[in-house]
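Please read them with the coordinates open.

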Amino acid sequence: MASKKTRKIIKKSKISKKSVKKSVKPKNKHQKIVKVKKLQVDSKKLLRLDEARKYVIDVSGEKGLEVFQFLISRGEMEENLLARKLKFEKANAIRKFLYRLYNKNLVSYRKVRKNNKAWYTYFWSANPEKLALIISQIYEEEIKQTKKSMELNKAEDFYVCDICNRRYEVNEALQNDFRCKNDGGILNHVEPEKILEDKQSRIDFLNKKLENVAKLIKK
Ligand SMILES: [Zn+2]
């Protein structure tokens, strides 16, 4: 009796997960409506962005990027099959990479117990839309920080060491004979306008990038 009940629950949870997975074909009109809600992204173009590739490699290594790209191109896949397709020596060797990706929400899994066996079978799928959001957040954060530092730069004039780039206020630079305390480097006067210009062009550049990522998201 109990096992029958458990199976029922597993079946039920499978259906509720299906409704949010984009890789699963909708069975009826209602599910199609649910499917539209999920953010979709042009993952091919997304993975052409250096920042996107770099982020995935930082998280899970070159091999992890390979796993991620493969899941994007093939859709949801059973773990052992995935390991075989990607030529991992042991099926569980791929888990290390999948977990690293999973920790950043870049992949999801669903586990299914077949024929009342003791173990679960894992099906993995990629979440490229999460990557698009993460990349956007990275750009947004840098824009925010750059704007903040522009406010600081507007307020004052300062000097910068030509070796370590340490920043000195006018009085401090004067006291130290225009030499750096760390390394004796020469302290150069910095024109606030020049810095502000550089920062503004960095912000413009990042906004452009942000726009490009936004274009990849199909709403
Ligand atoms: Zn210095």
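1. In this predicted model, strands E6, E5 and E7 form an open sheet in the order E6-E5-E7, and their pairing is antiparallel. The edges are taken by E6 (167-169) and E7 (187-190), each of which pairs on one side only. On average, and with direction ignored, neighbouring strands of this sheet are turned by 35 degrees against each other.

2. Strand E5 covers residues 158-161 and is joined to E6 by three bridges, the two strands running antiparallel.

3. The loop between E5 and E6 contains asparagine 165. Phi of asparagine 165 is positive, near 65 degrees, in a residue other than glycine. Asparagine 165 counts as exposed because it has 9 C-beta neighbours inside 10 Å.

4. A positive phi also occurs at phenylalanine 178, about 60 degrees, although this residue is not a glycine. Phenylalanine 178 sits in the loop between helix H8 (170-175) and E7. With 15 other C-beta atoms within 10 Å, phenylalanine 178 is partly exposed.

5. A second open sheet has three strands in the order E2-E4-E3, again with antiparallel pairing. Strand E2 (77-78) and E3 stand at its edges; each has a single partner strand, so one side of each lacks a neighbour in the sheet. E3 and E4 run antiparallel and are joined by six bridges. Within this pair, serine 108 faces serine 125 in E4. Helix H4 packs on the sheet and touches E2, E3 and E4, with a direction at about 90 degrees to that of E4.

6. How do H4 and H6 pack, and at what angle? Helix H4 (residues 50-74) meets helix H6 (residues 95-103) at about 95 degrees, and their axes are 9 Å apart. An angle of 65 to 115 degrees counts as roughly perpendicular, and H4 and H6 are therefore assigned to that class. On the H4 side the contact is made by Val59, Ser60, Lys63, Gly64, Val67 and Phe68, and on the H6 side by Phe97, Leu98, Arg100 and Leu101. By class, this contact has six nonpolar, two polar and two charged residues.

7. Which residues of H6 are buried? They are Phe97, Leu98, Arg100 and Leu101. These residues lie on the same side of H6, because they cover an arc of only 160 degrees around the axis. In an α-helix there are 3.6 residues a turn, so residues three or four places apart point the same way. The cover over the buried residues of H6 includes H4, strand E3 (107-112) and strand E4 (121-126). After H6 comes asparagine 105, whose phi is positive, near 70 degrees.

8. The last point concerns isoleucine 217, which lies in strand E8 (residues 217-218). Isoleucine 217 counts as partly exposed because it has 16 C-beta neighbours inside 10 Å. What does isoleucine 217 contact, leaving aside its neighbours within four places in sequence? The contacts are Leu39, Val41, Glu129 and Ala132. Leucine 39 is 178 residues away from isoleucine 217 in sequence, yet the two are 6.9 Å apart in space, C-alpha to C-alpha.

Technical notes. Residues numbered from 1 in each chain as written. Predicted model: local features only at pLDDT ≥ 70, side-chain atom pairs only at ≥ 80, totals over all residues. Pairing = 2+ DSSP bridges. Helix = DSSP H or I, 4+ residues; strand = E, 2+ residues; numbered from the N terminus. Axes fitted to C-alpha atoms, helices over the stretch in contact; angles between N-to-C directions. Parallel < 35°, antiparallel > 145°, perpendicular 65-115°, else oblique. Contact = placed C-beta atoms within 7 Å. Nonpolar A, V, L, I, M, F, W, Y, C, P; charged D, E, K, R; others polar. Buried ≥ 20, exposed ≤ 12 C-beta atoms within 10 Å, placed from the backbone. Arc of directions from axis to C-beta.
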